[in-house]
Amino acid sequence: MRFNWNFDYIKGSKIAYTFSIILTVIGIISLLSLGLNYAVDFRSGSNVDITVSKAITAEQINPIVNELGVDTKEVQITTGSDRVNIRFSNVLDENQESKFKQEFSKLDETASYEVNTVDPEMAKELERNAIYAVLIASIGIMIYVAIRFEWRFALAAVVSIFHDAFVVISVFSIFRLEVNLTFITAVLTIVGFSINDTIVIFDRIRENLRFAKKSTKADLREVVNRSLSQTMTRSLNTTFTVFIASLCLFIFGGESIRMFSLAMVIGTFFGAYSSIFIAAPLWFTLKGKQQTSKPKTVAKESN
């Protein structure tokens, strides 16, 4: 049995616009007030990852940290059954690192250590390059869509992918989730997934425009709604497949890809949402202004 996807998507986009604007405002407030919870990849300091043979609490680790002479308020300790992670806001020197390992070994003699250090200049460079990567990818997509379709399609597509990226960033900011290099990879993957879904819809709109009557804005509205109905099954099937795969990675995957998987779960959902309720309706709004701006010809009746 085939589901009937006939629906007035343009009308539904008004609710979607309101929801997206509210989400964007909340995200801006969160980013301005809280910022992002950067991992050691994007801020200077030392990150000590320890594999332990027994559970060790933060209360047991605090005295060791205090003896290092660092600001304990800027130290984050995360403990688990077989793993301990300690993030220092400052870079540990060789003496501090050696002393820490020596004292921690008293708690667990079989513990193994992995220490990652990022200096301030490298942290700033990584952050700057991550921003450049997203911007360059977006500009490249806009140029490609403008050449293949028209500038209205390109503008709608870029607004859509910026929306998807910003939603994911906002969620990570609001819930203080860790932003690392794999998160940037996820954002770029989401951008690619979203534009792919959007291009399929735009291609169907362009194809239907060739044979459709488009003398009024209502005709254009019908073309967009019909195009979305025709591509809905493909869009949802693709989204569902990627969503389930990402969700399984988030639940069963390792700690190193957990934030990547979570970003993909959020991004795939909003990628499909923005392609349907933001990109296509936004193109309709831009194209509709062209339709209404055309001079009306009045036929003169001969007497």
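**Close-up views of a predicted model**

**View 1. Contacts of Thr239.** Thr239 touches Phe193, Asp197, Thr268 and Ala272, leaving aside residues up to four places away in sequence; contact here means heavy atoms within 4.5 Å. Thr239 lies in helix α7, where helices (H or I, at least four residues) and strands (E, at least two) are DSSP runs numbered from the N terminus. Thr239 counts as buried because its relative accessible area is 9%; buried means under 20% relative accessible area, exposed over 50%, and partly exposed in between (1.4 Å probe, protein chains only). The model is predicted: local features need pLDDT of at least 70 and side-chain atom pairs count only at pLDDT 80 or more, while totals for chains, interfaces and linings use all residues. Residues are numbered from 1 along each chain as its sequence is written, and side-chain values use heavy atoms, with hydrogens and water left out.

**View 2. The largest nonpolar core.** A nonpolar core is a set of buried Ala, Val, Leu, Ile, Met, Phe, Trp, Tyr and Cys residues joined through side-chain atoms within 4.5 Å. The largest one has 30 residues, of which Val145, Phe202, Ile205, Val224 and Trp283 touch the most other members. Two or more residues each come from α1 (9-33), α4 (120-148), α5 (151-174), α6 (181-211), α7 (217-252) and α8 (258-293). Apart from this core lies another, of 24 residues, including Val168, Val179, Ala186 and Tyr273.

**View 3. Contacts of Phe202.** Leaving aside residues up to four places away in sequence, Phe202 touches Phe149, Phe153, Ala156, Ala157, Ala279, Ala280 and Trp283.

**View 4. A nonpolar patch on the surface.** Ile131, Tyr132, Leu135, Ile136, Ile139, Ile143, Ile147 and Phe162 form this patch, with about 820 Å² of accessible area together. Accessible areas come from the Shrake-Rupley method with a 1.4 Å probe; for residues, only the protein chains shown count as cover. A salt bridge is a side-chain nitrogen of Lys or Arg within 4 Å of a carboxyl oxygen of Asp or Glu. Helix α4 gives the most to the patch, with seven residues. Ile136 is found in α4 and counts as exposed because its relative accessibility is 58%.

View 5. Strands β2 (residues 45-51) and β4 (residues 83-88) pair in the antiparallel sense over six bridges; two strands pair if DSSP finds at least two bridges between them. Ile50 has Val84 in β4 as its bridge partner. Strand β3 (residues 76-79) also pairs with β4 in the antiparallel sense, over four bridges, and Thr78 stands opposite Asn85 in β4. Three residues lie between β3 and β4 in the hairpin that they form.

Technical notes: Patches are made of residues with over 30% relative accessible area and no salt bridge: like charges are joined within 9 Å, nonpolar side chains (Val, Leu, Ile, Met, Phe, Trp, Tyr) within 5 Å.
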